[in-house]
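Biologist: I've got a new model open and I'd like to learn how to read it. Could you walk me through it?

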Amino acid sequence: MKHLFFGLAAVILCCCGTLRAQDATPPPAAAPPAADTAPKPDPAGTATGAAVDAQDAGGNHFLLTEPPALSDDDKKDPAKVKAYEEAKKAYVDYIAQSKTEPLAVRLADSVGHNRVAINFMWTLITGFLVMFMQAGFALVETGLCRAKNAGHTMSMNFMIYPMGMLGFYLCGFAFMFGGLGGIGTMGGYGGLNHELTVNLFGKPFGLLGWKGFLLQGAGYDTAAFALFLFQMVFMDTTATIPTGAAAERWKFSAFMIYGCCIGTIMYPLFGNWVWGGGWLSQLGINFGLGHGHVDFAGSSVVHMQGGVIALIFAWLLGPRFGKYDSHGKLVHPIIPHNIPFVMLGTFILAFGWFGFNPGSSLAGTDLRIAVIAVNTMLASATGALAATLWMWWVRTQKPDPSMMCNGMLAGLVAITAPCAFVSAGGASIIGIIAGVLVVESVFLWDRLAIDDCVGAISVHGVNGAWGCLSIGLLADGTYGDGFNGVSGTVRGLFYGGGLNQFWAELIGVTTCFVTLSLLSIGVYYLAEVLVGNRVDKEVEIEGLDVPEMGITGYAGMVMDKQAETPMPKGEHYVPGLVSSQAKA
Amino acid sequence: MKKLEALIEPFRLNQVKEALADLGITAMTVTEVRGLARHQEHSEIYRGSEYVVDLLPKIKLELVLEEHEVEDAVTAIVRLSKKNGVEAGKVFVSGIDEATVVQTD
């Protein structure tokens, strides 16, 4: 395994040798001083949003620009000549009109500023909603664990927020969005324009952004800050997913090492490829695969990344003591200690998702947000219902409360990528499939002795992949004109779009799995070498709260800790051993 | 004096308490306990896997009574705790040598 890791590092180093920087905006043909043409950051927010941002509902701009002159080849094409003449006439008319009505132009400045301000407001407020999802994750994960580990599980969910955020502030944001180009809906600020690319098959492959470190320089701009807030809370959503799968046996120190890695590099790398202008988003432009890897709000970028990390950590850590016998056969389920926590947390998450999905438009002026919000709630409902009935009628004769919650979250995860591109019927179907998928997936991992305390692999990993793939099947072609720079709307197989979009999604999902598996294995062994990942067996039986954190989650309550851990025949446990070690 | 210890099912506490109050017994200690009773164990399913529930929640009543009260109290508890012929609790009676009241000044 170590050889694999070093091999990967060598490959990355070799790639760096051929890296070159590419500016997203081409340099001007003439040679005025660079400082004059480079986009200026606007930290005060007084220069963001002007007449150029004023547009009607169809996206037609108030301010017209002169069309570029036709080349000799273009002049032979009558369609191009006609389009040029129309655009030229509109531009000449506009100039003449603007001279007679200067007030209209000044009003347009105000309209443009207000339009951008609405988008800022929308992005920030939905970002605040997503931040609250941290509380939802904390409750779901803690509720599904045992009472003796409540303080430890809650602490991991708490500390990932500052740890992930600071890593993202340090360099994660620059890696992910440093080569973004223009922030379209928020005034078009183009200062984050430095993408490291490598040329393969004669096409540029964007690998990593390289601007906006510590939100300084080009990063010190109001639009960049709004984007930072919104993307930071998304990153923290990913960051907190693996803590559930690896709970009840993971050393807090090892978790903190993971906390340093997730926001700095683990999340931003694949994130750049999909959302930061990297190579997966360019599959459409460069290779004609639909609109490239389309992921509207993060089924792959946020959820599948978290799910894959969860899978690797849960697999490498091994199952919790007492759940399986020595042959990996499931002998005793470990039951949760607080179902009300789980359900409250699920509702908080479902509420936060109204920020997660509609907010990903980054535009309150994009009225598709209504469709996105309704699709989101429909998929959550069908997901919850499908999982409940599948457990009740098909699998175990009882409607398992923990699986109800997993089902709702599975529906939400699956609709995250396609939320903007499918109809209400499509969203409902996506939710139903997600609800059944999550149950079967939980059973599968249990059979494979990969012990996922909360179902994070099934909810976020498996359904994240399903959500992305569903775009390639169910996108109905009513939205997404110009997405990832490809004209035309996003259309899936069942709506006559062919398989191209599906292949792009499949490439994205596969890339996510491979990349995050390798990164997770690297981080796991880094923590293994530095501090070790798994707590001692005695600590696990005693409960991680006191040995790891120094305080119980529920001080003053009497708990039969032995009864909480199913003890295999022939195992013995001496009470008090851990406490005396902890004191020494 | 006699000490009476009764293990009953949790949801019967209120009616037992009222019945004892009718007999003029107004002081008792109530504890939540769990009892192992193999003949009452049953299995449940969590996320598709079966597990055995053998430690069942019970309520333990402790009463210290005068000798003449004991028979009525035991009868009342037993009558109210019956459940379809299945054993649903137990009452123990033992002797008390001495009792001292701790009083505030």
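Modeller: Let's start where the two chains meet. A salt bridge here means a side-chain nitrogen of Lys or Arg within 4 Å of a carboxyl oxygen of Asp or Glu. Across the interface of chain B and chain A, that rule finds one salt bridge.

Biologist: Which side chains meet in that salt bridge?

Modeller: Side chains of opposite charge can pair when their charged atoms come close. Here the partners are A:K398 and B:E44, at 2.7 Å from N to O.

Biologist: Before we go on, what kind of model is this, and how is it numbered?

Modeller: It's a predicted model, where local features need pLDDT of at least 70 and side-chain atom pairs count only at pLDDT 80 or more, while totals for chains, interfaces and linings use all residues. Residues are numbered from 1 along each chain as its sequence is written, chains are lettered from A and ligands numbered from 1 in the order in which they are written, and side-chain values use heavy atoms, with hydrogens and water left out.

Biologist: How many residues of each chain are in contact?

Modeller: Contact means heavy atoms within 4.5 Å. Ten residues of chain B touch 21 residues of chain A by that rule.

Biologist: And how much area do the chains bury between them?

Modeller: Buried area is the accessible area (1.4 Å probe) that two parts lose on being put together, summed over both. For chain B and chain A that comes to about 1200 Å², with 55% of it on carbon and sulfur atoms. On the chain B side, B:Y46, B:R47 and B:Y51 lose the most area, together 58% of what that side buries.

Biologist: How do β3(B) and β4(B) run, and how many bridges join them?

Modeller: Strands are DSSP runs (E, at least two residues), numbered from the N terminus, and two of them pair if DSSP finds at least two bridges between them. β3(B) and β4(B) run antiparallel, joined by five bridges. They form a hairpin with two residues between them, and B:R47 in the turn has a positive phi of about 50°. B:E44, from our salt bridge, has B:Y51 in β4(B) as its bridge partner.

Biologist: What confidence does the predictor give all this?

Modeller: pLDDT is its confidence in each residue, from 0 to 100. Chain B averages 88, and 96% of the residues score at least 70. Among the elements of chain B, β4(B) has the lowest mean (84), and strand β1 (residues 2-8) the highest (94). Chain A also has a mean of 88, with 89% of its residues at 70 or more. Watch residues 4-35 of chain A, though: the pLDDT there is below 50. For the complex, the predictor gives an ipTM of 0.76 and a pTM of 0.87.

Conventions
Helices (H or I, at least four residues) and strands (E, at least two) are DSSP runs, numbered from the N terminus.
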